[in-house]
Amino acid sequence: MDAGMIKKIDEVRSLLTDPGEFDKVVAKYEADPCEETLRAVIDQMTIEIAKRRVQGMEKE
């Protein structure tokens, strides 16, 4: 994984209120950096946003 991708993942992680699930998906991507696992990272970030687990977003 290149330095740019690591920086972006760290930025996203810093925005999450509970990055536990995100970290699990990222670990899979780090072990196997392919398109499928990258899509899983993107999907997990979408889920985190939808569930309002991002700092600064209020839960409904």
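Read along the sequence, the protein follows the pattern α-α-α, with three helices and zero strands in its secondary structure. Helices (H or I, at least four residues) and strands (E, at least two) are DSSP runs, numbered from the N terminus. The radius of gyration is 12 Å, close to the 10 Å that the globule rule gives for 60 residues, so the protein is as compact as a globular protein of that length. That radius is taken over C-alpha atoms, and the globule rule is 2.2 Å times the number of residues to the power 0.38.

This is a predicted model, in which local features need pLDDT of at least 70 and side-chain atom pairs count only at pLDDT 80 or more, while totals for chains, interfaces and linings use all residues. Residues are numbered from 1 along each chain as its sequence is written, and side-chain values use heavy atoms, with hydrogens and water left out.

**Confidence**

- The average pLDDT (the predictor's confidence in each residue, from 0 to 100) is 90 for the protein, and 95% of the residues score at least 70.
- Among the elements, H2 has the highest mean pLDDT (94) and H1 the lowest (90).
- Where pLDDT is low, the predicted coordinates should not be read in detail.

**Overall dimensions and surface**

- The C-alpha trace spans about 35 × 20 × 15 Å along its principal axes.
- The accessible surface comes to about 4,400 Å², and carbon and sulfur atoms hold 53% of it; areas come from the Shrake-Rupley method with a 1.4 Å probe, and for residues only the protein chains shown count as cover.
- Of the 60 residues, 20% count as buried, where buried means under 20% relative accessible area, exposed over 50%, and partly exposed in between (1.4 Å probe, protein chains only).
- Among contacts (heavy atoms within 4.5 Å) with a separation of 6 or more, 42% come from residues 24 or more positions apart.

**Helix H2**

- The twelve residues of H2 should span 16 Å at 1.5 Å a residue, and the end C-alpha atoms are 17 Å apart, which agrees; the expected span is 1.5 Å times one less than the number of residues.
- Phe 22, Val 25, Val 26 and Tyr 29 are buried in H2.
- These four cover an arc of only 100° around the axis, which puts them on the same side of H2; the arc is that of the directions from the helix axis to the C-beta atoms.
- Lys 28 and Ala 31 are exposed on the other side of H2.
- H1 and H3 are what the buried residues of H2 pack against.

**Helix H3**

- H3 (residues 35-50) has 16 residues, which at 1.5 Å a residue should span 22 Å; its end C-alpha atoms are 22 Å apart, which agrees.
- The buried residues of H3 are Thr 37, Val 41, Gln 44, Met 45 and Glu 48.
- They lie on the same side of H3, because their arc around the axis is only 100°.
- Glu 35, Glu 36 and Ala 50 are exposed on the other side of H3.
- The cover over the buried residues of H3 includes helix H1 (3-15) and helix H2 (20-31).

**Two residues in detail**

- Glu 48, found in helix H3, counts as buried because its relative accessibility is 0%.
- Not counting residues up to four places away in sequence, Glu 48 touches Leu 16, Asp 18, Glu 21, Phe 22, Arg 53 and Val 54.
- Arg 52 lies in the segment after H3 and has a phi near 55°, a positive value in a residue other than glycine.
- With a relative accessible area of 29%, Arg 52 is partly exposed.
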